[in-house]
Amino acid sequence: MPSYFITGAARGIGYEFIRQYSSDPNNTVIGTVRDKAATIKKISEDAELKSRSNIHILEADITNYDALKNAAAETATITGGSLDYIIANAGIVTMFDAYDPIGALGDRPDEITKTLRLLFETHVIANVHLFNLLMPLILHGKAKKVILISSGFADPVFTAEFDITPGSLYASTKAAANMIVAKYSAQYKKDGVLFLAVCPGMVEVGHYKDATPEQIANVGGLVTKFKEYSTRFSGPITPEESVSAVRSVIANASIEKGNAGDFLSHFGTKTWL
Ligand SMILES: NC(=O)c1ccc[n+]([C@@H]2O[C@H](COP(=O)([O-])OP(=O)(O)OC[C@H]3O[C@@H](n4cnc5c(N)ncnc54)[C@H](OP(=O)(O)O)[C@@H]3O)[C@@H](O)[C@H]2O)c1
């Protein structure tokens, strides 16, 4: 009975992880969300998911240590004290830095500080606590795989080569989270635990639905650069396509293949799009 613990399961890529992993009744799938009642309602109205008894929804704002601690304890009760996979998916795509280059944000210093603190708290601090709290369960698990959902925006080589200016604050905290993954890997590889950061690709989940025409033009410029970077890139993919590709990367990656502490795309390579 493989068990999965997925954060940010209420919508987007996280909800799709719940949908795909729970399609196998042998899997135990635990999703954490900020509003449990709303997610239970959403699942009860989802024709495909409503009858799946292997889905467990727990409530935890991942920036709240006590809530994470309770979620870890509830997970131990559900699984009997072990856990096979963590998918640290919860994240925030901030709109403050989504379009403009970092230097153009300089006239709003308070917002830079506020946004960076929120991003660091969510992508880095919360995941450090999450990994520490769940590590005893992972060490008792069979698969022993800890996956961080990262972003190709965190690749400094790609950023420098293609002058990728948007998402500066977001990308910096994802890069820091990748280093956290590498540090955990350095400690736990000897125990057989695979830590891996994976970019899900560019996925349509509605992040840019409120963009102004000028902001849409900026995104258009970015898409042009993406097409220069990768000839196979033809636009955002669906959560379904992304999760199915990331699941295959997770299934294939191993310490033996040299993936410990690595940062891979949904293709299982260093090509992000
Ligand atoms: N979409 C893309 O193109 C893309 C590309 C690269 C990487 N990613 C990464 O993929 C992951 C999933 O993003 P998505 O695209 O599916 O975005 P999304 O639709 O905005 O979903 C993000 C999820 O994270 C949850 N979350 C945020 N802060 C949280 C907190 N403090 N505590 C608990 N849950 C929290 C949200 O909860 P609520 O529902 O309560 O708000 C939401 O369920 C993120 O880590 C993102 O950075 C996405």
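## Basis of the description

Axes are lines fitted to C-alpha atoms, for helices over the stretch in contact, and angles run from 0 to 180 degrees between N-to-C directions. Helices (H or I, at least four residues) and strands (E, at least two) are DSSP runs, numbered from the N terminus. The model is predicted, with local features needing pLDDT of at least 70 and side-chain atom pairs counting only at pLDDT 80 or more, while totals for chains, interfaces and linings use all residues. Residues are numbered from 1 along each chain as its sequence is written, and side-chain values use heavy atoms, leaving out hydrogens and water.

## The sheet

Seven strands make up an open sheet with parallel pairing, in the order β3-β2-β1-β4-β5-β6-β7; two strands pair if DSSP finds at least two bridges between them. At the edges stand β3 and β7 (263–264), each pairing on one side only.

Strand β2 (residues 28–33) pairs with strand β3 (residues 55–59) in the parallel sense over five bridges, and Val 29 has Ile 55 in β3 as its bridge partner. Strand β6 (residues 194–198) and β7 pair in the parallel sense over two bridges, with Val 198 opposite Leu 264.

## Helices α4 and α6

The axes of helix α4 (residues 109–139) and helix α6 (residues 168–188) come within 9 Å and cross at roughly 20°. The two helices are therefore roughly parallel (angles under 35 degrees). Residues of α4 that meet α6 (contact means heavy atoms within 4.5 Å) include Leu 116, Phe 120 and Phe 131.

Helix α6 also lies across β5 (145–149), β6 and β7, running at about 165° to β6.

Notes. Angles under 35 degrees count as roughly parallel, over 145 as roughly antiparallel, 65 to 115 as roughly perpendicular and the rest as oblique.
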